[in-house]
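Here is a friendly walk through the inside of a protein model. Have the structure open beside you as you read.

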Amino acid sequence: MKAVIQRVKNSNVVIEGEEYSNISAGFLILLGVEQGDTKGDADKLVKKIPVLRVFEDENGKMNLSCLDIDGEILVVSQFTLCADCSHGRRPSFTNSAPPDIANELYEYFVEKLRKSGVKKVCTGKFGADMKVSLLNDGPVTIILDSKDLKSC
């Protein structure tokens, strides 16, 4: 499972011209579910993300977590994170989990994140054509792959 985490001042999702969800300061997470991913992969990411110390403290040092600042999180599913670009010019998405499994793990990830103590957790709509806006703060962007994380 791959997560691109962007520290934001705000972010929102628009679907068919209507705002679907929005957050203020916190994280926009783009989440890709790969073949073979399990709830254990989601658990690893949920244990890591809310406590990542990438928000500035009173001394301007990245020393505070999303939990510390009462930050909010917007999670958007993005199968294109699983693209294989090693051959040719057209990405292959065969590494992506099938939609039913990907959606199940996406929903599981979101539910676990909501139980982690984060003030507000919003989502996009799985499988929808979404317009995602953000005001990146820093910019600070972190890429996590559950396969690279040690068990928590």
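F126 is partly exposed, with a relative accessible area of 29% (buried means under 20% relative accessible area, exposed over 50%, and partly exposed in between, with a 1.4 Å probe and protein chains only). Helices (H or I, at least four residues) and strands (E, at least two) are DSSP runs, numbered from the N terminus.

A word on the model: it is predicted, so local features need pLDDT of at least 70 and side-chain atom pairs count only at pLDDT 80 or more, while totals for chains, interfaces and linings use all residues. Residues are numbered from 1 along each chain as its sequence is written, and side-chain values use heavy atoms, leaving out hydrogens and water.

## A second ring pair

The count of aromatic pairs comes to 3. One of them joins F27 and F55, again tilted, at 5.1 Å centre to centre and 40° between the planes. F27 belongs to strand β3 and F55 to strand β4 (residues 55-56), so this pair ties together parts 28 residues apart in sequence. F27 is buried, with a relative accessible area of 1%, and F55 is buried too, at 5%.

## The nonpolar cores

Which residues have the most contacts inside the largest nonpolar core? They are F27, I29, L45, I49, I73, V75 and F109, in a core of 30 residues. A nonpolar core here is a set of buried Ala, Val, Leu, Ile, Met, Phe, Trp, Tyr and Cys residues joined through side-chain atoms within 4.5 Å. Two or more residues come from each of β1 (2-15), β3 (26-32), α1 (39-48), β6 (72-77), α2 (99-114) and β8 (130-145). The most come from α2, which gives 7.

Beyond its neighbours within four places in sequence, I73 is in contact (heavy atoms within 4.5 Å) with residues including F27, I29, I49, L113 and V121. A second, separate core has 11 residues, among them V8, L28, L30 and M130.

## Helix α1 and its partner α2

The buried residues of α1 are D41, A42, K44, L45 and V46, and they pack against β1, β3, α2 and β8. At the start of α1, a side-chain oxygen of T38 comes within 3.1 Å of the backbone nitrogen of G40.

How do the two helices meet? The angle between α1 and α2 is about 35°, and their axes are 9 Å apart. Axes are lines fitted to C-alpha atoms, for helices over the stretch in contact, and angles run from 0 to 180 degrees between N-to-C directions. On the α1 side, the contact is made by K39, A42, D43, L45 and V46; on the α2 side, by E104, L105, Y108, F109, K112 and L113.

## A buried glutamine

Q6 lies in strand β1 and counts as buried at 12% relative accessibility. Leaving aside neighbours within four places in sequence, the contacts of Q6 include F27, L28, L30 and N136.

Key:
A polar contact is a pair of N or O atoms within 3.5 Å; within protein, one must be able to donate a hydrogen and the other to accept it, and residues adjacent in sequence count only if both atoms are side-chain atoms. Rings of Phe, Tyr and Trp (its six-membered ring) pair if their centres lie within 6.5 Å; planes under 30 degrees apart count as stacked, over 60 as edge-to-face and the rest as tilted.
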